[in-house]
Amino acid sequence: MKELMRSAQLSDVRQQNYSTIMRELMRSGPTARTDLASAIGMSTGSVTRLTGALVRAGLVREAAEPMTRGMGRPKVPVAIDDSTYGVIGVHFGLHRINTCLIDLRGQLVAELHATERTTNLRPLLRGAARSVRKMIDSHDLTVLGVGASTGGWVDSSSGQVHTQPVLGWQEAPLAEALHDLVGLPVLVDSQVRALALAEHWFGAAAGVDNFIHLFVGNVVGAGFVFNGSPYRGAHSAAGGLDHLPVAGRSGQTCVCGSRRCFAMVAGDLETARRARAAGLITDDQEVYDVFALAVAGNPQARRLLQDRAGVVGTATATLIELLDPELVVIGGGVSAPVDHVSVVRDAAQDRLAARRGGDATARILASAFGPHALGIAAGAIMLDAVYRSPETFVPALTATAS
Ligand SMILES: [Zn+2]
């Protein structure tokens, strides 16, 4: 028993060390083993042994160019291997399924957009599985798993979507059902948390361990990364901001009975509704058509989007006061197409300045991804898991460990 426990502990430590090395290489790019050792506080001998196993398993490679700095032997840097493994992300949106294949550095390898008339789970899953299969068949990367995301209340630990109001899903067994169809590990999370993970691993918050991703699109929500890990809350419901009371008033009453709910006042659907009421777009047009008008310089469309960005700014100020992040990343429709993030920033600064005497320390940045990057972000759910626990997803790593 003692022996078993000791071996389990050793394997935990080894797993942790692999994870630390991979995270550091993702963060810093090609790095000499000696520099890697000092960056993570490990002996060069250990780093050499562990990177050897990672190289044999195809997770890390020796970079082509040796680095010569000053005197001594040239150092051969090691880097994340982006040519052996990949992960797939699938995002389920209203009438849209976006499927992306990304490599281990989060770079987009292939992307498929499918338009779906139905919002029913089963036919959508079959469509997604066909896209996943197609990607696996037409690319050389070995796919380690699939990350799937959608809006609403998604429980990553059970793999269930409790509620997805836009698609009308209730208690949908997303992870299990998709796994049955594709035969690969499947992890699910909310699209907002997926976006936060993508920003953390290869986006605007790379290297930042405490930040908020605020998404304002068809749905509204925040993804939190604290101390380098996603914070999901006790019931995977953290960051659901749909009903947060905000400045402004919606033309329609929310299901909860209020007209001041964040999603109702500032979501894409309300923005499109207002644009329709103002005669800017027709009944069959949507929020993207309002963006197009704003880009073309239509003053009414611009004002509409700026007003929305102002509401988002005051809500951002509330989040900053509550959680004191290093950074807030703004994504979704509100960050497109012209720079409304500056309006968000100004509105937040005004609010914070009034309450904090000008001490608004958090930075507010636009998402590194466009509004259509939801598939890439879903891939980040799986990428995050691979980096946290490489041995779980790459069994070759256990076999090659010495
Ligand atoms: Zn409400």
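Modeller: Here is a close look at one strand, its partners and a helix. This is a predicted model, where local features need pLDDT of at least 70, side-chain atom pairs count only at pLDDT 80 or more, and totals for chains, interfaces and linings use all residues. Residues are numbered from 1 along each chain as its sequence is written.

Our strand is β6, residues 142-150; strands here are DSSP runs of E, at least two residues, and helices are runs of H or I, at least four, numbered from the N terminus. Seven of the nine residues of β6 are buried, so the rest of the structure largely encloses this strand. Buried means that 20 or more other C-beta atoms, placed from the backbone, lie within 10 Å of the residue's own.

Now the partners; two strands pair if DSSP finds at least two bridges between them. β3 (residues 85-93) runs parallel to β6, joined by seven bridges, and His-91 sits opposite Ser-149 in β6. β6 also pairs with β10 (residues 186-190), again in the parallel sense, over five bridges. There, Thr-150 stands opposite Ser-190 of β10.

On to helix α6, residues 191-202: its twelve residues reach 16 Å from first C-alpha to last, close to the 16 Å expected, where the rule is 1.5 Å times one less than the number of residues. Eleven of those twelve are buried, among them Arg-193, Glu-199, His-200 and Trp-201. For context, 45% of the chain's 402 residues count as buried, and the chain has 14 helices and 15 strands in total.
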